Amino acid sequence: MLKKITCCFTGHRIMPADLKTIQSELRNYLCSLINDGFIYFGSGGALGFDMLAAETVLQLKKSYPHIKLSMILPCPNQDRFWTQEQKNKYKIILTAADEIIYTSDTYYKGCMQKRNRCLVDSASCVLAYLERNTGGTKYTVDYANKTGVNVQFLLSSQMQGQQLSFC
C-alpha cells in the first residue's frame, strides 16, 4: 500500500442497533476520499465497525474498481470465538479482499494493538468511529495522533463541519 493514498479504519465492535446513519456517512466519506485520490483502504477485520467499513469498500469497488481493500489482521484465528454467522461474513470479506496481511502467527496478549499500529503506520488517514474514551479504538486514535497521522471522525458532530461529497 502507498501511504499517501491509504486510509485505514478503527471503530468499536459494538455498534448501535440503527446503523443507517453510520452506513450513510461512511459511504459518503469514502466516496469523498476516493474522489480525492485515495485508492487503498485497510481494515483490521474485527467485528463491528471494521467489518462494516470493509463491506462498504467492497460495495464501492463496483463503482470504483480501481480501489483496493487490504485486510490487516492480528492472527489467522481472529474469529475463533465468533458465531458461525459472523465467521461466514468474515470469510466472504477475506475472499473478496485484495490483500490479507497477518501481523502475528498466533494470538497473544497485545497482538490486537500490534495490528492497530500496523494499520496506522501504513496510512495517511485514519477514519475513526469513536464514541468512548477507552478500549482499542481510543488506543488507535491516540497512536495515530502521536505519530502524526491525520484522524477523521465519522459522526458529523465529531467531524467539525467537514464537507462530504456524495456518490
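Residues are numbered from 1 along each chain as its sequence is written. Because the model is predicted, local features need pLDDT of at least 70 and side-chain atom pairs count only at pLDDT 80 or more, whereas totals for chains, interfaces and linings use all residues; side-chain values use heavy atoms, with hydrogens and water left out. Helices (H or I, at least four residues) and strands (E, at least two) are DSSP runs, numbered from the N terminus.

Helix H2 has 12 residues. From its first C-alpha to its last, H2 reaches 16 Å, close to the 16 Å expected at 1.5 Å a residue; the expected span of a helix is 1.5 Å times one less than its number of residues. H2 is mostly covered, with 10 of its 12 residues buried. Buried means under 20% relative accessible area, exposed over 50%, and partly exposed in between (1.4 Å probe, protein chains only). The buried residues of H2 are Phe-49, Asp-50, Met-51, Leu-52, Ala-53, Ala-54, Thr-56, Val-57, Leu-58 and Leu-60.

One partner of H2 is helix H1 (residues 20–35); the axes of H1 and H2 (residues 49–60) come within 10 Å and cross at roughly 55°. Axes are lines fitted to C-alpha atoms, for helices over the stretch in contact, and angles run from 0 to 180 degrees between N-to-C directions. H1 and H2 are therefore oblique to each other. In this scheme, angles under 35 degrees count as roughly parallel, over 145 as roughly antiparallel, 65 to 115 as roughly perpendicular and the rest as oblique. The crossing of H1 and H2 is right-handed. On the H1 side, the contact is made by Ile-22, Gln-23, Leu-26, Arg-27, Leu-30, Cys-31 and Ile-34; on the H2 side, by Phe-49, Leu-52, Ala-53, Thr-56, Val-57 and Leu-60. Contact means heavy atoms within 4.5 Å. As for handedness, a crossing is left-handed if the near helix is turned anticlockwise from the far one by less than a right angle, and right-handed if clockwise.

Met-15 lies in the loop between S1 and H1. At 18% relative accessibility, Met-15 counts as buried. Leaving aside neighbours within four places in sequence, Met-15 is in contact with Ile-22, Gly-48, Phe-49, Leu-52 and Tyr-129. By contrast, Met-15 and Ser-124 are 25 Å apart in space, C-alpha to C-alpha, and 109 residues apart in sequence.

H2 also packs with helix H3 (residues 84–96), at an angle of about 45° and with the axes 10 Å apart. H2 and H3 are therefore oblique to each other, and H2 passes H3 in a left-handed crossing. Here Met-51, Ala-54, Glu-55 and Leu-58 in H2 meet Gln-86, Lys-89, Tyr-90, Ile-93 and Ala-96 in H3.

Attention now turns to H4 and H5. The buried residues of H4 are Cys-111, Met-112, Arg-115, Asn-116, Leu-119 and Val-120. These buried residues pack against S1, strand S2 (40–43), H2, strand S3 (68–73), S5 and H5. The axes of H4 and H5 come within 10 Å and cross at roughly 40°. H4 and H5 are therefore oblique to each other, and H4 passes H5 in a right-handed crossing. The contact is made by Gln-113, Asn-116, Arg-117, Val-120 and Asp-121 of H4 and by Gly-136, Tyr-139, Thr-140, Tyr-143, Ala-144 and Thr-147 of H5.

Helix H5 (residues 135–147) has 13 residues and reaches 19 Å from its first C-alpha to its last, close to the 18 Å expected at 1.5 Å a residue. The buried residues of H5 are Thr-137, Thr-140, Val-141, Tyr-143 and Ala-144. They cover an arc of only 160° around the axis, which puts them on the same side of H5; the arc is that of the directions from the helix axis to the C-beta atoms. An α-helix has 3.6 residues a turn, so residues three or four places apart point the same way. What covers the buried residues of H5 includes strand S1 (6–11), helix H4 (111–121), strand S5 (125–129) and strand S6 (150–153).

Thr-140 counts as buried, at 2% relative accessibility, and touches Thr-10, Asn-116 and Val-120, not counting residues up to four places away in sequence. Asp-142, also found in helix H5, is partly exposed, with a relative accessible area of 35%. H5 is followed by Gly-148, whose phi is positive, near 85°.
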